[in-house]
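Morning, everyone. Please look at the structure on the screen, and I will go through it in order.

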Amino acid sequence: MGKKVGKEHPKYASSINNLAILYRAIMNFEKAELLFLESKAIREKTLGREHSDYASSLNNLATLYSDMGEYEKAELLYLEDKIIVESALGNEHPDYAISLNNLAILYWEMADYQKAEPLFIENKALVEKILGKDHIDYTHSLTNLSTLYEKQYRFSESEPMLKEAASRKQDKLVKASSFLSELELREYAITFQKNGENLSSFLLARHTNGMQVGILPSLAFDHALFHKGFLLTAAARLNLFSMDNAETNEINLQLKDYRHRLTIEYSKPIAERSEISELEEKANIAEKELARSVVGYADAIRQVKWQEVQLKLKQNEAVIEFISFNVNFPKNSDSTMYAALVLKSSDEQPQFIPLFEANELTKILIKNKSSESISELYASRGVIPINTLTFNGLYDLIWKPLDAILQNISTVYYSPSGILHRINFDAIPTNNSVNLADKYKLVRLGSTRSLVVPDLTKTESNRNVILFGGVQYNIDTTLNIIDTKSDNYLAIKDQALPFSEVERGLINRASEWRYLIGAEKEIQAISKIFQKLNFNTTVFSGDMAKEESFKIIGKKEISPRVLHLATHGYFFPDRSIATEGAVLRDSTASERTLLDSFQKPDTNLAITRQKLALESHESVFKISDHPMIRSGLILAGGNYAWTHGKTFKEGMQDGILTAYEISQMNLSNTELVVLSACETGLGDIQGIEGVYGLQRAFKIAGSKYLMMSLWQVPDDETKEFMITYYSNWLNKKLSIPDAFRLTQSEMRKKYSNPYLWAGFVLVE
């Protein structure tokens, strides 16, 4: 740029300014300062001190000095920026509101709260006036001001703002869910997760200091209910229901369009908006029409509050929402804290119980060797059983702090968070002879929201069962008996991303998935149980256990009541770590987009992934941005595509069934999915949203119960567990959860090593 226009041209100043922003983002403050100063000098000389670009340079340099802790330098620059913006644009312009906000944050960091408060208040009033309460900047204003009040122990002033901010953020996500894809919604939701971290960090600080917790436990519980439950099901269920017929699908598409256009308008200043009232009215009419026409629509989109959960509890029951959060108050830290929100039928509100830091749990898992198989990149059924697996230390860390308030409680509904998704709570020993499962009836839920929202799985009079097992992973290339024409329409119409379209392969290309004789025996035994009870049983094995056979499920006929898959599973962990900025600070409008791009998690991940790919030459598939492409199941013929990176024959599916592909299916008639494959419960753990992998995929597709594994379970014990389970469920006519608990109890009595019986968990 310098050679084309010269080093004293405004365009050159913009280029080095952008480069300085990058250096600041990667904390190379020395290079950033030199470039910011050079850009500022050029703009002052060529544009003058009253130009908005010069003010932008002041703002960027001030932010850098604030990051460096040089607050006096930053204050002078922010004050000068504020004067210039007010003079050039007036005191009712969005950029002036940004100047107020940035200066207020600086004073907050300097602990000069008397100077910070009036600026935050002025910023909030101005944003409300010129942008409106629907604009995201208004929510940021509420968050910043409430944080200031929390710092000063002014809880009666902070709590109403925290409540309003939480409500507005959730409302935005509800509306966004009607027009964003699942992946887009996941990325959008990340920007709102800080609200939950704020609430939890405020709660922890109050609890640690022995102060009244106020309404924060209620707000934190509602936040967990919303993010754990709503985001997983709302958009997927909405689309699933609306596809019942062409008319409702058309209404849904119209609603998506209205919501999308409204989001664009809400992002503008009030004076520049158009058609708001008309679009809102059209959206409301469309939503009411869907509520009338689509069974279950209202339940899929409504927000559940903690009081509704409490009403479902009996006197001897309790619910626990486990939460994990980065501690960012009273100052930012690298600590990830785990806590429990406990609710009983007689409680005035949920109780907040701090538990442990993440590194404490990690140390115990490593010490007890229970995380060895979790860290494996590939899972393979048929492994040789490890000698021992213990859960020593987990009780003291996770459950002992809860026992005191769970007296006289016999049933506990709980929803894990973070690493707790990878622990079987039933197997946690309270002493040498008693496990938690002996003391409590433990019911594992994706979210305790499910206690309130009625089950919409349509299993009445459905006696269909589909079993996959004894899969032939190799293709006999001398045979051409596979009729690709009959299944070709599946691939043509399939909107999911096939494995073959994203380059992939084993760490060692020569590696292959081996045939599972135990899975073959398992399927044969289970099919006899179902057939004896007159279930319509379909078995796919050998070359017929192919991806095409799986993807036809739920398309021409309703999905089966039971879907059992005995095969290999795989999971590639995310090898990148995204960091999130700690301060809600903006630059001028012209550079806000670029700054956001550095702070946006996916951008950072993409840069890291490119670097990883160059260094390791591994496949793009393993470092895919989408976590549900990095986990899946292996079906017939999968070895060819796995080792060659393409299908054997044009028109065939590749035999690698990704979680993403599963999430696009309709399994709303399926009561139980059993993943009799290793580590199928694994996946990326992303904040409060939980595990992104096969677990999430089958729940999005509409199945009610999901049985899955947390580690590599040996073949013989897996077969025994499954046969025992189905016998308990069907012959003894127990409920699915009760049959599962009985099976675990029987297996535990036979095998003292938890590795042989505690690998499977049941999630509703």
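A term to begin with: pLDDT is the predictor's confidence in each residue, on a scale from 0 to 100. A contact means heavy atoms within 4.5 Å. This is a predicted model, where local features need pLDDT of at least 70 and side-chain atom pairs count only at pLDDT 80 or more, while totals for chains, interfaces and linings use all residues. Residues are numbered from 1 along each chain as its sequence is written, and side-chain values use heavy atoms, with hydrogens and water left out.

The protein's average pLDDT is 79, and 76% of the residues score at least 70. Residues 577-621 stay under 50, and the model gives them 87 contacts beyond four places in sequence. Residues 687-691 are also below 50, with 22 contacts beyond near neighbours in sequence. Where pLDDT is low, the predicted coordinates should not be read in detail.

Now the sheet. Helices (H or I, at least four residues) and strands (E, at least two) are DSSP runs, numbered from the N terminus. Two strands pair if DSSP finds at least two bridges between them.

Which strands form the open sheet, and in what order? There are six, ordered β7-β6-β8-β12-β15-β16, with mixed pairing. β7 (536-542) and β16 (760-763) are at the edges with a single partner strand each, so one side of each has no neighbour in the sheet.

Inside the sheet, β8 (residues 562-565) and β12 (residues 672-675) pair in the parallel sense over four bridges. H564 has V674 in β12 as its bridge partner.
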